[in-house]
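Dear colleague,

I am handing over the structure below, and my notes on it follow. Please read them with the model open beside you.

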Amino acid sequence: MIRHLISASDLGKDDALLILDTAEELARVSERSIKKLPTLRGRTVVNLFFEDSTRTRISFEAAAKRLSADVINFSAKGSSVSKGESLKDTALTLEAMGADAVVIRHSASGAPHRLANWVRGSVVNAGDGTHEHPTQALLDAFSMRRRLGGLEGRRITIVGDVLHSRVARSNVLLLATLGAEVTLVAPPTLLPVSVDTWPCEVSYDLDSVLPKSDAVMMLRVQKERMNAAYFPSEREYSRRYGLDRDRFAKMPDQAIVMHPGPMNRGMEIAAEVADSPRSTIVEQVANGVTIRMAVLYLLLGGETVA
Amino acid sequence: MIIKNVRVLGGEPVDIRVADGLIAEIAPGLAGDGEVVDGGGAVVLPGLVDLHTHLREPGREDAETVQTGTQSAARGGYTAVHAMANTSPVADTAGVVEQVWRLGREHGHCDVQPVGAVTVGLEGRHLAELGAMADSAARVRVFSDDGKCVSDAVLMRRALEYVKAFDGVVAQHAQEPRLTESAQMNEGVVSGRLGLTGWPAVAEEAVIARDCLLAAHVGSRLHVCHVSTAGSVEILRWAKSKGWNVTAEVTPHHLLLTDELVEDSPVGAYNPIYKVNPPLRTRADVEALRVALADGTIDVVATDHAPHPVEDKETEWSAAAMGMVGLETALSVVQEAMVDTGLLDWAGVAERMSAAPARIGRLPGHGQPIEVGAPANLTLYDPSARTPVEPAAFASKSRNTPYEGMTLPGRVVATFLRGRPTVLEGKLT
């Protein structure tokens, strides 16, 4: 197994499948009355969050605690994030405390790569700037595999602000590794200029792609994009790229709807669609804990699942 | 003094007699009284001239001072450097440029020719007192807001026109500001994968095109700093074909390194040692820049030596300072990229790294051909050496080199400033 999980591209197909399969086993454990496993007893996992993300932090915290690891939450928000020393000095501090794994969330793309130079423990990327969010991609793959029965040859459509999305980057890489066929749909302003070199298809026309999709993943549109000339207005974006009821009806009957959250209901996704039985949005959250347990378990060299 | 056994521009071995700061005699087998320096068969070039150096003093003496920067220059074979204006305070008055000029004279490792700011405080709003700087003891002829672009078209036009009165030149840092807001690296395949905000080539090319047209319109001299893209080369080639008075420079790092290093390098992904303005571009850009330097579309190699302390580089990518030191590796990189590839001979190197920058900067004492009667500004260079780059050995106060650990060809053996050695056997005198 790899030492760090920083990019979805760190995972070959065997490693990715091992994580998904391990998560399946751990999910069975979670159904027991006593959910806690002794696997990582005595090990220390630090949640190093330079950016607010209660959802992701809680998910990692729950994952580490269910494996009996000691968890230290280090919220660096409010400290001088813009100063580089803080990352290195924080890393040296964690190193001195003997962290076995550092889960890092940071607004700067590449911060986990830098951190990995300065700590001996495993680095897990919990989202870095507009780069990647590999555990999100793993939990999405886990959710899709459960609903669709597998990923090989499945047609996955990812819709929205790909340019600034770490979720999209990690998903494109991981899904390609797992043999799925990915199509990105976005206004051209929200796609990287080099997207033609990515292992996926690209379309500007959501309506033509929906009937050929086994899963449709809607990305959140960040408020700050709305005033930066990426698209003329929220209304126009929603009309052209939002998943409303009419568009939902164009999807195949068994196709599922996903969203990494938090959602802008009525903007990129209609409330009825988000709450439909074919939406996996709530499952994704539950699966997040399981997949993060699997990642920590495997990176920290856990032995057998009890 | 006699400098024995050197090859002028790589030619046959000769000896050079230096007297009173001038070249007195060039012939084989010279003998006589006085000091003898054994050149050991080194190539001798006219002392190098840098059109683009950041000496950081006043204001950032933690990164570099006039003393350490000029020591670094001498070790790199330079006898003159143009000190950029983005100091603190900005070199936008006669007082500041004279201070920098005087510090250069006091330390004496190489001549320091200050560059004056185009606009007050580099803020792009009001012209600085260009005439006062031109008339000062520093005799400023090159004006630049380097680090920032003179993006206002009217202000750029006025600056180009105004400096004609004293034979000045505006050296433009071509970077359209709106297209490069929070830009982090070249916009392309790598930036897309790494999720770093892209710095499109067009942001440089659009400004160069505009400025060439402006310079033609008002009949002025324009110099373009650190050209980094194949598209910029095409525009410059077109402007020169019209006979317009446009010159351009390229940095050593843009002749050798590409943006792929940001993703994949021996020092790890996202290492800000590769963060620089303009950003490292693609292999195709590097190839176009080499061809342009060889055919004269690009006139000059300029270092853009940009020292930064360790803490400004040991950070996340987006928090890090932009720039690389370059004075002590420039000639080696040019040998690697241009000479060893057969694109440029030593006469070509002398033209691009000494004669042309001295001409553009209006430094009459520099960049002269190596002939009897010329000032003895000379660089002895052994192209056969191959040594790993060791930042700890730099004279510069800063260590932010992208070449650490790389083995580069060549070594500066000695540097002479008006007959006086500033470097002997690779060491400062």
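In chain B, β8 pairs with strand β9 (residues 169–172) in the parallel sense over 2 bridges, where helices (H or I, at least four residues) and strands (E, at least two) are DSSP runs numbered from the N terminus, and two strands pair if DSSP finds at least two bridges between them. Within this pair, Phe143(B) stands opposite Val170(B) of β9(B). The two strands belong to an open sheet of 5 strands in chain B, with parallel pairing and the order β8-β9-β12-β13-β14. Because β8 (142–143) and β14 (300–301) of chain B each have a single partner strand, they stand at the edges, and one side of each is left without a neighbour in the sheet.

Before going on, please note that this is a predicted model, in which local features need pLDDT of at least 70 and side-chain atom pairs count only at pLDDT 80 or more, while totals for chains, interfaces and linings use all residues. Residues are numbered from 1 along each chain as its sequence is written, and chains are lettered from A and ligands numbered from 1 in the order in which they are written.

The loop between β14 and α11 (330–339) of chain B holds Ala306(B), which counts as buried because it has 26 C-beta neighbours inside 10 Å; the cut-offs are 20 or more other C-beta atoms within 10 Å for buried, 12 or fewer for exposed, and partly exposed in between, with C-beta atoms placed from the backbone. Although 252 residues separate Ala306(B) from His54(B) in sequence, their C-alpha atoms are 5.3 Å apart. Leaving out residues up to four places away in sequence, Ala306(B) touches His54(B), Gly323(B), Met324(B) and Val325(B), contact being defined as C-beta atoms, placed from the backbone, within 7 Å.

Turning to chain A, 6 of the 8 residues of helix α4 (residues 111–118) are buried, so this helix is largely enclosed by the rest of the structure. The buried residues of α4(A) are Ala111(A), Pro112(A), His113(A), Arg114(A), Leu115(A) and Ala116(A).

Another residue to look at is Val216(A), which, apart from neighbours within four places in sequence, is in contact with residues including Thr157(A), Leu243(A) and Met258(A).

Finally, 19 residues of chain B are in contact with 25 residues of chain A. On the chain B side, helix α5 (residues 189–194) gives the largest share, 3 residues.

With best regards

Note on methods. Two residues are in contact if their C-beta atoms, placed from the backbone, lie within 7 Å.
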